[in-house]
Amino acid sequence: MAVIDMPARTRVAILGCTGSIGTQALDVCRQHADRLEVVALSAHSRTEDLVHFAREYGARHVAVTSEGHCGDAVLSELPATCSLHTGPRAAEELAELEDVDVVLVAIVGAAGLSASHAVLKSGKRLALANKESLVVGGDLLMPMVQPGQMLPVDSEHGAIFQCLLGEDAREAHCIWLTCSGGPFYGRTLQELADVTRCDALAHPTWNMGAKITIDSATLMNKGLERIEAMHLIGMDIDRINVLIQRESKIHSMVEFEDGSVLAHLGASDMRIPIQYAFSYPERWSTPAPRVDFRQIAQLTFGAPDMESFRCLKLAEIAGKQGGTLPCVLNAANEVAVDAFLHDACTFTGIADVVESCMDAHDSQSVESFEQLADVDTWARERARGIISSRF
């Protein structure tokens, strides 16, 4: 596999630096300051944190994408040597900078698509932590990817990537995409009806942002990851199996035609896949505590309940049909999750909203980013209308 040439000290841009993935990436950069240089940082609205990180890491460029926060007073505290980019395209501008080698796209939601496109178009390495980029725009992005250019940061996709190193992906029989099962594993649909926001935000294993944590609770996150894996590996969704692995120590497995199975195991710490996306093809000293497998009593496995966790089934339907339907799935889900987080939608209502939008959509082949933007806008408006009329 070809590898993009990298300088001795890799120059990094972190888009979405104030979120869970972004802050963990900064910790990796802190631990490997001799190998990684933080050049550019973006945030949507948390400008105080952005300024703090820019000063701590000596970033030369920062971006604020929320127009409502472009004039925040705290931005005047940026170092004189740091340039400020503002507006909806500000993150893309950072991705296009000549003094950047690797761009971590950790922006949440469909907003990451344009940034991922900008990275690939510029020829830089893309450390992809935004699954929506491929869920929505995989048909357009994947043909642009050069060998070794895109490194998945999701723990599951990073695991699959590593299991396939040195292997012929065409000899893979199936993927076992692991999942903790979230905080409600084993509950029936009826038992999920009264779930609260606080209940859903209490993930048993991973420390993530609110939106992704809710997606993990509904299993939509795993549905989106199946679609993402389809694009990354070029495999039908029927061969990408979701496997409940409650201890979150097996991050995914690849089963080959001869029956051999390669599994990627390790700590439940996102800093490990983040670091590998920066260090590939090298392996640096671990940024996280090591696992003592002598202390693990058991590794358990189970099948997901698609009847109770309907978002997983809806994602399967969208993945099989393809075209613009995954865009609708993602947009409607983003709106419904936000409504749930603001007590404007029930937990089980998230799937109701998504399903209604999917049923109302006439799916088309993906042809352009402009088309996807129109479909995204339609789905969001439709979802808001459903929420306002039902809840």
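# Strands, helices and their definitions

Tutor: In strand S9, isoleucine 240 is the bridge partner of isoleucine 175. The model is predicted, so local features need pLDDT of at least 70 and side-chain atom pairs count only at pLDDT 80 or more, whereas totals for chains, interfaces and linings use all residues. Residues are numbered from 1 along each chain as its sequence is written, and side-chain values use heavy atoms, with hydrogens and water left out.

Student: Why is arginine 226 called buried?

Tutor: Buried means under 20% relative accessible area (exposed is over 50%, partly exposed in between; 1.4 Å probe, protein chains only). Arginine 226 has a relative accessible area of 4%, and is therefore buried. This residue belongs to helix H10 (residues 220-233). Contact means heavy atoms within 4.5 Å; leaving aside neighbours within four places in sequence, arginine 226 is in contact with residues including Leu177, Ile240 and Glu316. S8 is likewise mostly covered, with six of its eight residues buried.

Student: Which strands are at the edges of the open sheet, and what makes them edges?

Tutor: The open sheet has seven strands in the order S4-S3-S2-S1-S5-S6-S7, with parallel pairing. Strands S4 (83-86) and S7 (150-152) are its edges, as each pairs on one side only. From one strand to the next the twist averages 20°. Within this sheet, strand S2 (residues 36-43) and strand S3 (residues 61-64) run parallel and are joined by four bridges, with leucine 41 opposite valine 62 of S3.

Student: How do you know that the length of helix H13 agrees with expectation?

Tutor: The expected span of a helix is 1.5 Å times one less than its number of residues. For the 17 residues of H13 (residues 325-341) this gives 24 Å, and the end C-alpha atoms are 24 Å apart, so the two agree.

Student: Why is H13 described as largely enclosed?

Tutor: Of its 17 residues, 16 are buried, so the rest of the structure largely encloses the helix. H13 is followed by aspartate 343, whose phi is positive, near 60°.

Student: Why are H13 and H14 called roughly antiparallel?

Tutor: Axes are lines fitted to C-alpha atoms, for helices over the stretch in contact, and angles between N-to-C directions run from 0 to 180 degrees. Angles under 35 degrees count as roughly parallel, over 145 as roughly antiparallel, 65 to 115 as roughly perpendicular and the rest as oblique. The axes of H13 and helix H14 (residues 349-360) come within 8 Å and cross at roughly 150°, and the two helices are therefore roughly antiparallel. Among the contacting residues are Leu329, Ala336 and Phe340 of H13 and Ile350, Val354 and Met358 of H14.

Student: What makes H12 and H13 roughly antiparallel?

Tutor: The axes of helix H12 (residues 310-321) and H13 also come within 8 Å and cross at roughly 150°, which makes the pair roughly antiparallel. The contact includes Leu314 and Gln321 of H12 and Pro326 of H13.

Technical notes
Pairing = 2+ DSSP bridges.
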